[in-house]
Amino acid sequence: MTVTILPTGITPADVLAVARGTAKVVLDPATVEAMSTSRSIVDGIEAAGRPVYGVSTGFGALANTFVAPERRAELQHALIRSHAAGVGAPMPREVVRAMMLLRVRSLALGHSGVRPLVAEALVDLLNHEITPWVPEHGSLGASGDLAPLAHCALVLLGEGWVLGPAGERLDAANALRRAGLKPIALAAKEGLALINGTDGMLGMLLLAIHDARHLFTMADVTAALAIEAMLGSERPFLPELHAIRPHPGQAASAANIHRLLQDSRVMDSHRDDLAHAVQDAYSMRCAPQVAGAARDTLDFATTVAARELHSVVDNPVVLPDGRVESTGNFHGAPLGFAADYLAIAAAEVGAIAERRVDRLLDVARNRELPAFLSPDAGVNSGLMIAQYTAAGIVAENRRLAAPASVDSLPTSGMQEDHVSMGWAAAKKLRTVLDNLTSLLAVELLAAVRGLQLRAPLTPSPAGRAAVEALAPVAGEPGPDVFLAPVMEAARAVLAGPDLRAAIEREVGPLA
């Protein structure tokens with residue numbers, strides 16, 4: 001696959017193809033032309049000797065310091081070196097590749113005043129699979145992701161570090177040499193244009209949106225399986241009950257759960273028993289209200305990310321009429337708010353799933369299933385400690401759901417006196433979603449075990465698909481086994497596409 005960078009931007013699918021795959025990147029001729037036109041304006045300003053922030057002045061609190069023409073290239077190199085000041089473990093390859101592609105996208109919009117060769121140098125890194133070593137700490141989401149982007153830009157200069165095949169830290173100059181690439185020299189404005197953007201937090205948000213969309217659908221799957229295993233009622237998921245509270249996410253989630261519960265001998269066994277399951281617990285009955293609200297939150301975050309994908313995020317910006325204007329478009333508040341909001345929603349999807357797990361394991365509430373889903377409870381503990389693990393993850397997600405974007409620490413001599421913390425918001429969102437994957441995997445395992453214990457009653461087609469997917473690793477109900485590998489395997493099944501595909505072959509597409 002090839003991703004072509006147009007002067008009108010790129011799509012979320014393009015970001016995923018480059019970040020998580022090996023798609024090649026090319027610049028469209030119209031993109032090169034747009035950057036050349038923008039650069040000619042900066043060259044004209046330089047020739048005229050006009051004072052312009054970041055072109056003929058210092059940065060941040062040094063914005064009023066004039067820089068002589070013969071030192072302006074030096075200024076750009078010094079900017080990159082000084083701003084590459086991050087610390088900590090390296091960010092994942094997919095995040096760094098997304099960040100670089102998004103910076104190319106921003107430059108390609110033709111408002112940054114850089115030569116095409118700067119964008120081409122970033123494209124070369126992507127196409128040669130050279131991934132800069134970007135430490136996790138350093139960005140405040142202030143003038144965008146200054147430190148992370150500076151670590152990327154430093155590699156273009158033949159300096160800094162790159163990620164090795166096994167995640168080790170390697171010398172950037174050697175990596176460029178082995179790939180047959182040469183360092184570039186920056187001209188006026190170009191160093192600033194390489195680092196003044198929201199590309200890191202946007203990249204993480206786009207990756208998180210993609211992951212959350214899958215997980216929220218799988219949350220409906222695991223909820224339906226758990227409800228089926230606990231002999232719950234399907235009536236709360238009837239479409240007419242959700243039409244009278246028209247939240248779109250809620251309706252979609254309820255429709256999924258209702259469809260997943262059809263054609264089940266387990267459900268048939270108690271459907272007409274008026275004394276049974278008159279009103280299920282909230283964690284069962286309100287599953288679509290919680291997961292549906294999360295879906296609506298995801299739609300909001302998707303809208304914000306889509307807008308940012310078509311935004312010029314730089315400072316100063318070069319306008320077609322020749323003006324170069326300072327702007328605050330680099331501020332990460334829109335992305336920080338969206339990431340924090342989505343983290344709250346994802347944390348609650350996991351929290352309600354853990355409540356269903358606890359109910360499945362409790363002999364007083366699971367409707368005649370054995371304690372902890374063990375046929376020989378006492379000698380065996382079944383899934384008792386799997387629920388402990390889930391509870392611990394829920395507690396961590398609640399801590400991570402505290403918003404980062406309400407925090408701010410002034411920097412740069414009070415020039416940057418309100419920062420977004422958008423990088424932190426997006427980074428912790430990814431952790432929340434990783435934790436949600438584990439939580440749903442525990443529910444999947446518990447629900448499958450519950451359905452197995454309902455034999456000889458046969459479960460729904462979705463239930464049969466889930467049992468078939470997990471049986472090779474989880475086996476049948478019986479004596480305790482080393483549980484950690486089973487839980488890891490359940491997580492892989494939950495996160496991957498095969499189980500959903502198998503279920504959809506039986507019940508049709510899920511929302």
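A salt bridge here is a side-chain nitrogen of Lys or Arg within 4 Å of a carboxyl oxygen of Asp or Glu. Keep that in mind as we walk through this predicted model, where local features need pLDDT of at least 70 and side-chain atom pairs count only at pLDDT 80 or more, while totals for chains, interfaces and linings use all residues. Residues are numbered from 1 along each chain as its sequence is written, and side-chain values use heavy atoms, leaving out hydrogens and water.

**Stop 1: salt bridges**

Select glutamate 354 and arginine 355. Their side chains meet in a salt bridge of 2.8 Å, N to O. Glutamate 354 counts as buried at 6% relative accessibility, whereas arginine 355 is partly exposed at 37%.

Another one to show is arginine 39 with glutamate 190, at 3.9 Å, N to O. Arginine 39 lies in helix H2 (residues 29-48) and glutamate 190 in helix H8 (residues 190-195), so this pair ties together parts that are 151 residues apart in sequence. Helices are DSSP runs of H or I with at least four residues, strands are runs of E with at least two, and both are numbered from the N terminus. Are arginine 39 and glutamate 190 buried or exposed? Both are buried.

Next, pick arginine 213 and aspartate 299, whose side chains meet in a salt bridge of 4.0 Å, N to O. Arginine 213 is partly exposed at 37% relative accessibility, and aspartate 299 is partly exposed at 41%.

**Stop 2: a loop with a buried charge**

Move to glutamate 416, in the loop between helix H16 (384-400) and helix H17 (422-453). Glutamate 416 is buried yet has no salt bridge, and the nearest side chain of opposite charge, arginine 103, is 14 Å away. For charges, Lys and Arg count as positive and Asp and Glu as negative, while His and the chain ends are not counted.

What joins the side chains of glutamate 416 and serine 143? A polar contact of 3.2 Å. That term means a pair of N or O atoms within 3.5 Å; within protein, one must be able to donate a hydrogen and the other to accept it, and residues adjacent in sequence count only if both atoms are side-chain atoms.

Proline 410 lies in this loop too, between H16 and H17, and is partly exposed at 46% relative accessibility. Not counting residues up to four places away in sequence, proline 410 touches Glu416 and Asp417, where contact means heavy atoms within 4.5 Å.

**Stop 3: helix H11**

Select residues 248-260 to see helix H11. Its buried residues include Gly249, Ser253, Ile257 and Leu260. Which helices do the buried residues of H11 pack against? They pack against H9 (199-229), H10 (239-243), H14 (287-309), H18 (461-474) and H20 (498-507).

**Stop 4: two strands**

Finish with strand S2 (residues 24-27), which has Val25 and Leu27 on a covered face and Lys24 and Val26 on an uncovered one. In a regular strand the side chains alternate between the two faces of the sheet. Strand S1 (residues 2-5) runs parallel to S2, and four bridges join them; strands pair if DSSP finds at least two bridges between them. Click on valine 3 to find its bridge partner in S2, valine 25.

Technical notes. Expected span 1.5 Å × (residues − 1). Buried < 20%, exposed > 50% of the residue type's maximum accessible area, 1.4 Å probe, protein only.
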